[in-house]
Every structure is written in structure tokens, then in C-alpha cells.
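Hi there,

Here is the structure I promised to pass on to you. Please open it alongside this email, and then read on for a tour of what turned up.

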Amino acid sequence: MDTIWRMLRSNRAASEDRSILSLFDDPQRFDDFSLTVDGMLLDYAKTSIDADARRLLVQLAEEAGVERQRDEMFNGEKINTSEDRAVLHTALRSRAESHPAGVLAGIRKTRTRMEVFATALRNGEIKAADGGPITEVISIGIGGSDLGPSMGVKALGAYHDGPKVRFVSNIDGAHFTEASKRVDPARALVIVASKTFTTIETMTNAETAKKWLGKGAESQMVAISSALDKTAAFGIPADRVFGFENWVGGRYSMWGPIGLPIMLAVGPERFAEFLDGGYAMDMHFREAPLAANMPVLLALTGIWHRNICDYPTRATLPYDQRLSRLPAYLQQLDMESNGKCVMADGTPVAQLTGPVVWGQAGTNGQHAFYQLLHQGTNVVPCEFMVAAEGFEPSLQHHHELLKANCLAQSEALMRGRVSKNMRPCRAFPGNRPSTTLAYRKLTPFTLGQIIALYEHRVFVEGVIWGINSFDQWGVELGKEMATALVPLVQGADASDKDGSTQGLLKALNAG
Ligand code: F6P
């Protein structure tokens, strides 16, 4: 691979002064540097990648073994080596018998139980504590047990016809307090979602919720977990527990029981359409040649920007208000998966790995941080998303303005504006890269496509960097130290701590 990395760097050195805009002298540029899969279009023409660079990038993916490792993932091999686990979240949305025997039967059984439960709750057969219908659901979880369902419920707001769903993740008591304000516990269902059922934030909030529900609390609770012994010890009846296997990583789990809040909000049929969207993207990822493969090409733009152009970050900019939680979701998906400094074999990485991923829904970001995107000293590749149609026919003019703004930003970033008599502060350097994902409408199917696209993008980047994208050891140290600090926050001797921690404890513990 070293040779290809070198060739890519020389391609960049030779073409660095060429503007992205000039690539459009070729009338075929858009057609050659965009692709459509099941109605979803990825445009990467507004990047500095040219035909030679793309050929080399595809070669890099080939040499890194993307196809082989992709097949290993789908076949259930233990590619999460540090945890000795398979990575089979794709089985949760599979419509074919293309996964290892036995895997799909268990998944279908649990999905059927979820569907029966969701239907009964939505039509009022499952009663609240006061005998009436359940009108409010509070879902407690954090990280992958929160971001997927909370992002998904918001994303599918146009289809929401079930109970109101609120989410509590932070250990800060303010979160539970605010979420449960004006909610009648006698009309509520509490979901406790935690793969391990040990996460301190979730278990603390779950205990608080139990007290809030009062007598007979357990009958108003549901658990979603892989640790069935722990859900039983917590007191949740087995028929209210939806389990999943340890080969579903937390940040890849919204397709299974962790997605229950979405199913409650929009119903089993819409949830199935979401799975179909993910499955369609899986089939494309498995079958399309690398050079015409959307997740691979999106990953290669990432590699180009991170490793060849040395850009430290990338922005996720959905021009779709209902995707306002997507940047937070992608932050975990990407940064927890690819924020690694050693390779899967334990040796230091040879290349820079995951960039800082952040963003916000357009057009809000335009009035906040786009100043830096246009004139700042760091170039930030921008990943735009936009729908052809909105859900508000009477507000069509809003949608036209939304689309115009999205297109204006990618054009302005690329084109810039500099003229002879212009004051320097008014000049836009331009030549700033972006990609745009365009889809007809944010349906459940579309959402499934988007999430699976990004999952596979993260996977391909991880393979090229040689890292294990499916573990997250980097979150452990802080968790352990927090546990050890609790007695000190409660007043125990802190003299073996560093000066800063001692000083802060003194300030925070002062009556
Ligand atoms: O913070 C790390 C992490 O393990 C995430 O990977 C995970 O999504 C989250 O905590 C929640 O874990 P659990 O579902 O076990 O509560």
C-alpha cells in the first residue's frame, strides 16, 4: 500500500494549485463523479479528486482488503478481534438467508415480539397503570442505546402517530427531571435500554424512574439488553425484556430492539421500511464494484481529505430539520469507531485516522459557524444532505428556500469570491470541497439507506487504516476514574490527586 499512498500524495502535490471549479471544464465532471443508488444520489464532483486520484484510491481500497473484510463481516467472522466478537448488525435488517445459520431465526423471533408489543401498546391493548392508554414513553439509555433511537424518532417525525417518546441519557438529574416534567407516571412506559445493563448513567436514571413510577413500577417498564441476568435482577419481567446478541455493537444497534422507541412512534410497518432501506444499501455495498460503490466512494473522499489533504475535521450538514440529531449520531458512529491510534494488531497506525466529526442542521449552522467554513484557516470538507421534497405541501416555499441555501453553500465554498478592489475581509478564498447526498424525501426507507451508507463508510475507512472499528477501549479510563472519584466528591481524602484535581475538588466541595 505504501506505493499507492506515495502516488496519491504526488497526485495531490501536482494538482494542488488546480481549482476544484476548473474540473468542471469537463462537461462530464458531474456525471463521472456522482452516483445514484435506489434513488439516492451522492455527488462528490465538488472535491479535488480527479480520475487518477480516484483510480488510486480505489486501488488502495482493493489492496487494503475491503472486499475480503466486508465479506468476513457479513459472514459473521470475528472481525472485532479485541473483543473476540462477530459484527453482525447487518443481520438485523437482512431480508435474505445470507447470514450464518441460526442468526436470523433469533432476530425474527425478537422482532415479532417487538411488533406484537408495539401494536398492542399503540392500539391501547397494553394499558397504563391507571387503566388508560399509554400516552408517554420515556426511553433511558446513553451512547448507542440513545443516539440511534432519539435521532430516528426525530427523523421520522412526519410519520409519528404513536405515543409521545422522550429520551433521557445524561446522568445529570436535570435530564430526567426535565423529561418527566408534566408527564403523568400513571400513563407512562419507561424503557431502559442498555446492552450491558451496567452503564452508570442508565442504571442511575433507571432507578430514579423506578421511584418516579411508584408502586408496581416494574410492570410499567421494558428492558432492552444483552444481559438478561441483570434485567431480571433489576426486576423487569422476562416478557418485557427484548434481548440482542453481543455481535451487535452499541452504535450499530438501532436496527434491532434498541430501535423499539422508533417502532412505538411510527409503527412496525414503517420500522420495516427503515430496515428495508438499510438492507438495500447492504446489497449495494456487497455487490457493486468498488469504483461504483457508494459507501466505498464516500469513504474514499474521507481518506482523500484526511490523509492526502490533511484536513483534520469534517462537517455533517443536513438541510433537513428532522435530521437535526444526525450529526450527534454520526459523531459517535464515526469517532467511537475510528478514533484509534493503534492498528488491529496493536502496532501504531501508519496514517492519521478518524477526523473530528461535527455539524448541525442547515440553515441554522449558516448563522453560526459557516463564517469559519468560508474564511477560516482550516479547510473543512462539508457533507451536505438535502431532500427534493419536504412533507409540508403548504410550505413549499420554505422547501425551495432550503434547497437554494444548500446548493448556494456548496457552490460558494467551491467558487469563493475575490476581486481586485475588494477589501481583504470581504474576500472568499473558495476552493473548499464538499459532497452532497440528495434524496427524494426523508422516508423510513431513505433513513435506512443513509444510516447504512455511513456505517459502511466508517467500516471502509477503518479497513484502509487497519484499525478495529468495532471496539471502544478509549472510553474505559474516564469511566473507571469517575467511579474512583465519587468518594472524593463526597469528601474523602484527595491528597494523592494532582494539584488541579485537588483544587477543583476543594472549590466544588466547598459548602
Ligand atoms: O461509552 C461507551 C459505550 O459503551 C458505547 O459504546 C455504548 O453505546 C454506550 O456506552 C452505552 O452502553 P450500554 O448500551 O451498555 O449502556
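Let me start with Val 475, which you will find in the loop between H16 and H17. Please keep in mind throughout that this is a predicted model. With a relative accessibility of 31%, Val 475 counts as partly exposed, because that class runs between the buried limit of 20% and the exposed limit of 50%. If you want a sense of distance, look across to Ser 180: 295 residues separate Val 475 and Ser 180 along the chain, and their C-alpha atoms are 29 Å apart.

Ile 467 belongs to the loop between helix H16 (444–465) and helix H17 (476–489). Is Ile 467 buried or exposed? Its relative accessibility is 8%, so Ile 467 counts as buried. Pro 348 is 119 residues away from Ile 467 in sequence, yet the two C-alpha atoms lie 9.6 Å from each other.

The ligand

Next, please turn to the ligand. The space that the ligand takes up is the largest pocket. There are 14 residues around the ligand, and those that come nearest are Gly 144, Ser 145, Ser 194, Thr 196 and Thr 199. Sorted by class, this shell is made up of 9 polar, 3 charged and 2 nonpolar residues.

For Ser 145, a polar side-chain atom is 2.6 Å from an oxygen atom of the ligand. Glu 336 also takes part through its side chain, with a polar atom 2.7 Å from a ligand oxygen. On its own the ligand has 390 Å² of accessible area, and the protein covers 87% of that.

Backbone details

A few spots in the backbone deserve a look as well. As background, most residues other than glycine have a negative phi, and most peptide bonds are trans.

Phe 197 has a positive phi of about 55°, although Phe 197 is not a glycine. You will find Phe 197 in the loop between strand E5 (188–193) and helix H8 (200–213). Its relative accessible area is 4%, so Phe 197 is buried.

Asn 431 is another non-glycine residue with a positive phi, here near 60°. Asn 431 sits in the loop between helix H15 (396–415) and strand E11 (434–439). At 30% relative accessibility, Asn 431 counts as partly exposed.

Where is the cis peptide bond, and what is its omega? The bond runs from Gly 362 to Thr 363, and its omega is near 5°. Thr 363 itself is in the loop between strand E9 (356–359) and H14.

Ser 34 is part of strand E1, which covers residues 34–37. Ser 34 counts as buried, because its relative accessibility is 14% and the limit for buried is under 20%. A polar atom of the Ser 34 side chain lies 2.7 Å from the backbone oxygen of Phe 30.

Asn 378 is located in the loop between helix H14 (370–375) and strand E10 (382–387). Its relative accessibility of 40% makes Asn 378 partly exposed. Between Asn 378 and Thr 204 there are 41 Å from C-alpha to C-alpha, and the two are 174 residues apart in sequence.

Pro 185 is partly exposed, with 24% relative accessible area. The C-alpha atoms of Pro 185 and Glu 411 are separated by 51 Å, and along the chain these residues are 226 apart.

After that, you could go on to the positive phi of Phe 197 and the cis bond from Gly 362 to Thr 363.

Definitions and conventions: Residues numbered from 1 in each chain as written. Predicted model: local features only at pLDDT ≥ 70, side-chain atom pairs only at ≥ 80, totals over all residues. Heavy atoms only, no water. Near = heavy atom within 4 Å. Polar contact = N/O pair within 3.5 Å; in protein donor to acceptor, adjacent residues only side chain to side chain. Areas by Shrake-Rupley, 256 points an atom, 1.4 Å probe, with all protein chains shown as cover. 1 Å grid on protein atoms, 1.4 Å probe; cavity = no way out; pocket = protein on both sides within 12 Å on 5 of 7 lines; lining within 4 Å. Sits in = over half its atoms within 2 Å of the grid points. Nonpolar A, V, L, I, M, F, W, Y, C, P; charged D, E, K, R; others polar. Helix = DSSP H or I, 4+ residues; strand = E, 2+ residues; numbered from the N terminus. Buried < 20%, exposed > 50% of the residue type's maximum accessible area, 1.4 Å probe, protein only.
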